[in-house]
Amino acid sequence: MTAFIHAKKGMLTQHHLTPISQGGDKRDPKNLLNVWDRRHRSIHHTFGNKPFSAIIDILRRLSNYININQERVRQWRENFLKSKGKERRRLRHEIATLVNIELQQPDVSRSLMVIIAEPNKWHNIFNGNPLEKTIAICERLASWKANLPKFKKG
Ligand SMILES: [Zn+2]
């Protein structure tokens with residue numbers, strides 16, 4: 001096996017679009033995405049072990065929420081990034097609690113908290129792309145994978 005290594009991004013790894021634990025194939029190219037280790041870790045940190053279709057769904061719901069609450073989200077991000085130490089931990093907890101109560105969608109809350117409190121991790125996944133563009137890229141990727149020829153095992 002050839003390991004591809006990048007000084008900053010780490011090793012090139014394979015992400016399973018449908019997790020193996022949920023019936024995804026280990027070797028079918030349809031189910032594999034080559035991602036740098038740093039991006040890979042950020043994907044699972046932000047979305048857990050969700051199938052790609054579920055991630056796209058989270059992004060759509062997230063985009064809805066942010067569009068409606070632009071100013072609040074902007075304010076949270078600003079306040080959070082300005083804060084330090086104990087105050088920062090308190091703020092994170094306070095925002096997360098609010099967001100959880102309001103959204104009632106733990107998967108969306110989790111990704112929103114990454115945008116607010118860990119923007120570097122979000123950036124590792126989607127670079128600096130706006131959400132609408134990110135969703136479009138993910139949709140194109142999904143349809144490209146779905147249209148790959150059938151995988152012959154063996
Ligand atoms: Zn993975």
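1. Gln104 is exposed in this predicted model, because the number of other C-beta atoms within 10 Å is 9, and a residue with 12 or fewer counts as exposed. Gln104 lies in the loop that joins helix 4 (85-103) to helix 5 (106-117). Its phi is near 55°, a positive value in a residue other than glycine. Most residues other than glycine have a negative phi.

2. Although Asn127 is not a glycine, its phi is positive, at about 55°. Asn127 sits in the loop between helix 6 (119-126) and helix 7 (131-146). It counts as exposed, since 11 C-beta neighbours are found inside 10 Å.

3. Two packed helices are described by the angle between their axes and the distance between the axes. For helix 4 and helix 5, the axes come within 9 Å and cross at roughly 145°, and the crossing is right-handed. On the helix 4 side, the contact is formed by Arg92, Ile95, Ala96, Val99, Asn100 and Leu103. These meet Pro106, Val108, Ser109, Leu112, Met113, Ile116 and Ala117 of helix 5. By class, the residues of this contact are ten nonpolar, two polar and one charged.

4. The length of helix 2 (residues 52-68) agrees with expectation: at 1.5 Å a residue, its 17 residues should span 24 Å, and the end C-alpha atoms are 25 Å apart.

5. Helix 2 has a buried side, made up of Phe52, Ile55, Leu59, Leu62 and Tyr65. These residues lie on the same side of helix 2 because they cover an arc of only 130° around the axis. An α-helix has 3.6 residues a turn, so residues three or four places apart point the same way. The exposed residues Ser53, Asn64, Asn67 and Ile68 are carried on the face of helix 2 turned away from its buried side.

6. What do the buried residues of helix 2 pack against? Their partners are helix 1 (37-47), helix 4, helix 5 and helix 7.

7. Lys153 belongs to the segment after helix 7. With 6 C-beta neighbours inside 10 Å, Lys153 counts as exposed. Lys153 and Arg27 are 126 residues apart in sequence, yet their C-alpha atoms are 8.5 Å apart in space.

Terms used. Residues numbered from 1 in each chain as written. Predicted model: local features only at pLDDT ≥ 70, side-chain atom pairs only at ≥ 80, totals over all residues. Helix = DSSP H or I, 4+ residues; strand = E, 2+ residues; numbered from the N terminus. Buried ≥ 20, exposed ≤ 12 C-beta atoms within 10 Å, placed from the backbone. Expected span 1.5 Å × (residues − 1). Arc of directions from axis to C-beta. Contact = placed C-beta atoms within 7 Å. Axes fitted to C-alpha atoms, helices over the stretch in contact; angles between N-to-C directions. Left-handed = near helix turned anticlockwise from the far one by under 90°. Nonpolar A, V, L, I, M, F, W, Y, C, P; charged D, E, K, R; others polar.
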